[in-house]
Amino acid sequence: MKKRRKQKYAPVRYYDIRLIWMYLCLFAFYVALNTTVGITFNTPVIAEWIEVRPGAWSLSNEIHGLLNIRISLCFFELSLGCIIAALFCGGQEETKGNYVGVWVFFLMGLPVIVNFVSNLWIWIIYSLAMITSGWILGKNTGFVLPIKKEPIIESCREELHNLVVPSSKLGRLVFRGNSAIIIIIAGLVIPLSFAFYYYFSALFN
């Protein structure tokens with residue numbers, strides 16, 4: 001008699017619009033940071049580019065004077081977006097046919113657009129593409145983890161312990177134990193510290 005193969009049951013999927021809420025909240029937070037800097041130093045919230053010579057463009061003098069702050073904020077926001085995505089999506093979300101990882105990759109373009117892109121049409125097109133694709137992924141594919149306190153905390157613990165980073169050149173990089181915490185803290189604290197440093201330096205000079 002042939003042995004019956006054990007059936008693998010697909011995990012329960014939770015169909016929601018968490019990606020849309022994630023995008024909208026991060027968008028509002030990034031713009032709020034730029035607004036704070038703009039109000040403090042009386043500079044444009046949206047980056048302005050001027051043509052210095054035919055075919056050559058440069059940031060306006062107001063923005064250029066605070067370029068270090070914007071660069072630091074951009075790196076901080078990049079790290080923050082990755083961590084938020086890891087918390088609300090988790091490694092378990094990467095199932096066959098799930099493109100959440102691709103969506104998160106394009107989410108990393110949001111800080112760059114908010115800090116350095118002046119064309120509002122690019123803002124609108126990018127936002128519509130992210131919101132539409134986020135809705136499709138949430139409603140058609142779904143997520144393994146529900147938006148509840150316990151699963152999110154558990155997902156966070158998994159992401160912080162024995163972090164594995166696949167690399168095409170170096171193979172699988174494994175950060176054992178809680179070493180991932182150090183990497184995440186460095187990714188957030190270092191750029192945020194630079195942002196505060198340049199912010200207060202410009203404020204008191």
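This is a predicted model: local features need pLDDT of at least 70, side-chain atom pairs count only at pLDDT 80 or more; totals for chains, interfaces and linings use all residues.
1. A friendly place to start is Tyr126, which counts as buried at 14% relative accessibility (buried means under 20% relative accessible area, exposed over 50%, partly exposed in between, with a 1.4 Å probe and protein chains only). Tyr126 lies in helix α6, residues 120–141 (helices are DSSP runs of H or I with at least four residues, strands are runs of E with at least two, and both are numbered from the N terminus).

2. Residues are numbered from 1 along each chain as its sequence is written, and side-chain values use heavy atoms, with hydrogens and water left out.

3. Now the overall layout. The chain has eight helices and four strands, and along the sequence they follow the pattern α-β-β-α-α-α-α-α-α-β-β-α. Of the 205 residues in the chain, 33% are buried.

4. Helix α5, residues 109–116, deserves a look: six of its eight residues are buried, and the helix is mostly covered. The buried residues are Leu110, Pro111, Ile113, Val114, Asn115 and Phe116.

5. On the surface, Tyr99, Val102, Phe105 and Phe106 form a nonpolar patch with about 470 Å² of accessible area together. Patches are made of residues with over 30% relative accessible area and no salt bridge, like charges being joined within 9 Å and nonpolar side chains (Val, Leu, Ile, Met, Phe, Trp, Tyr) within 5 Å; accessible areas come from the Shrake-Rupley method with a 1.4 Å probe, and for residues only the protein chains shown count as cover. Phe106 is found in helix α4, residues 100–107, and is partly exposed at a relative accessible area of 47%.

6. The second largest pocket has a volume of about 160 Å³. Its lining consists of Phe29, Leu33, Thr36, Val37, Ile69, Leu73, Phe76, Leu192, Ala195, Phe196 and Tyr199. The elements giving two or more residues to this lining are α1 (18–41), α3 (67–89) and α8 (179–204). A pocket here is an open set of points on a 1 Å grid over the protein atoms alone, where a 1.4 Å probe fits, with protein on both sides within 12 Å along at least five of seven lines; lining residues have an atom within 4 Å of a point. Grid points are joined across faces, edges and corners, and the volume is the space filled by probe spheres set on the points.

7. In helix α1 you will also find Leu26, which is buried with a relative accessible area of 6%. Leu26 and Leu80 are 54 residues apart along the chain, and their C-alpha atoms are separated by 8.9 Å.

8. Asn42 lies in the loop between α1 and β1 (49–53) and is exposed, with a relative accessible area of 69%.

9. Finally, the structure holds one salt bridge (a side-chain nitrogen of Lys or Arg within 4 Å of a carboxyl oxygen of Asp or Glu). Asp16 pairs with Arg18, the closest N and O atoms being 2.8 Å apart. Asp16 counts as buried at 17% relative accessibility, and Arg18 is buried at 5% relative accessible area.
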